[in-house]
Amino acid sequence: MKCNALLSAVAAVVVCGTLIAADVKSGLEAGAGIGAFDVVKVAGAPDDGVKVGSQLCYRCKYGGNPMVMVFARTADAKLASLCKSLDHEVSEHADKKLKAFVNVLGENRDDAEAVAKKFGEEAKLTAVPVVVPVEHENGPGDYGISADADITVLVANKGKVVANI
């Protein structure tokens, strides 16, 4: 399976498994480069070589590999369903080096980390880490994540956004 077809399959999982408000513009547009941003790993992906509590740039760690970046304000059943589907896709397409990570956003860093930790423990994600960005309120400033968007999903390949869902 080629990367574009793989990313299309992941995008279909995202669209089918999630109801996202189309009225709110949030996140980088297709074709935009994805910049580096630091996060703190809170849960998930226990075998990815990153310890819980570590600060790093997952976008950098994943390099130009195909990846899905989820930015969420609410850790609910809708997000859990999306993340479990992504976890399955990442595991299923490990040979294609598909990656994903979930960014939990919130006004208060400690609260966001508590929500992310609980969500990660309940979702039991094996291939997808759950993180809190250092810029925890709206994610990285240059990504344009809207304060009005509950979930923003960016699909990228070779360092560029290929879909904003």
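Author: A residue counts as buried when its relative accessible area is under 20%. The model discussed here is predicted.

Reader: What is the geometry of the Tyr-62 and Phe-101 ring pair?

Author: Tyr-62 counts as buried at 7% relative accessibility. The ring centres of Tyr-62 and Phe-101 lie 6.0 Å apart, and the planes meet at 65 degrees. Planes over 60 degrees apart count as edge-to-face. So the pair is edge-to-face.

Reader: How many residues apart in sequence are the parts that Tyr-62 and Phe-101 tie together?

Author: The rings of Tyr-62 and Phe-101 form an edge-to-face pair. Tyr-62 sits in helix 2, while Phe-101 belongs to strand 4 (residues 99-104). The pair therefore ties together parts that are 39 residues apart in sequence.

Reader: How many aromatic pairs does the structure hold, and which class does Tyr-58 with Tyr-62 belong to?

Author: The structure has seven aromatic pairs. For Tyr-58 and Tyr-62, the centres are 5.4 Å apart and the planes stand at 50 degrees, so this pair is tilted.

Reader: Why are Tyr-58 and Tyr-62 separated by about one helical turn?

Author: Both residues lie in helix 2 (residues 58-62). Their separation is about one helical turn because they are four residues apart.

Reader: Which residues do ring pairs link into a cluster?

Author: Tyr-58 and Tyr-62 make a tilted pair. Tyr-62 also pairs with Phe-101. Ring pairs join these into a cluster of Phe-37, Tyr-58, Tyr-62, Phe-71, Phe-101 and Tyr-143.

Reader: Which element gives the most to the largest nonpolar core?

Author: This core has 28 residues, and Val-70, Leu-79, Phe-119 and Val-153 have the most contacts inside it. Elements that each supply at least two residues include strand 1 (39-44), strand 3 (67-72) and helix 4 (109-123). With six residues, the one that gives the most is helix 3.

Reader: How many charged residues are in the lining of the second largest pocket?

Author: This pocket holds about 190 Å³ of space. Its lining includes Tyr-62, along with Asp-47, Asp-48, Lys-61, Lys-97 and Lys-99. Six lining residues are nonpolar and one is polar; the charged ones number five.

Technical notes. Residues are numbered from 1 along each chain as its sequence is written. This is a predicted model: local features need pLDDT of at least 70, side-chain atom pairs count only at pLDDT 80 or more; totals for chains, interfaces and linings use all residues. Side-chain values use heavy atoms; hydrogens and water are left out. On a 1 Å grid over the protein atoms alone, a cavity is a set of points where a 1.4 Å probe fits but cannot get out, and a pocket is an open set with protein on both sides within 12 Å along at least five of seven lines; lining residues have an atom within 4 Å of a point. Grid points are joined across faces, edges and corners, and a volume is the space filled by probe spheres set on the points. Ala, Val, Leu, Ile, Met, Phe, Trp, Tyr, Cys and Pro count as nonpolar, Asp, Glu, Lys and Arg as charged, and the others, Gly among them, as polar. Rings of Phe, Tyr and Trp (its six-membered ring) pair if their centres lie within 6.5 Å; planes under 30 degrees apart count as stacked, over 60 as edge-to-face and the rest as tilted. Buried means under 20% relative accessible area, exposed over 50%, partly exposed in between (1.4 Å probe, protein chains only). A nonpolar core is a set of buried Ala, Val, Leu, Ile, Met, Phe, Trp, Tyr and Cys residues joined through side-chain atoms within 4.5 Å.
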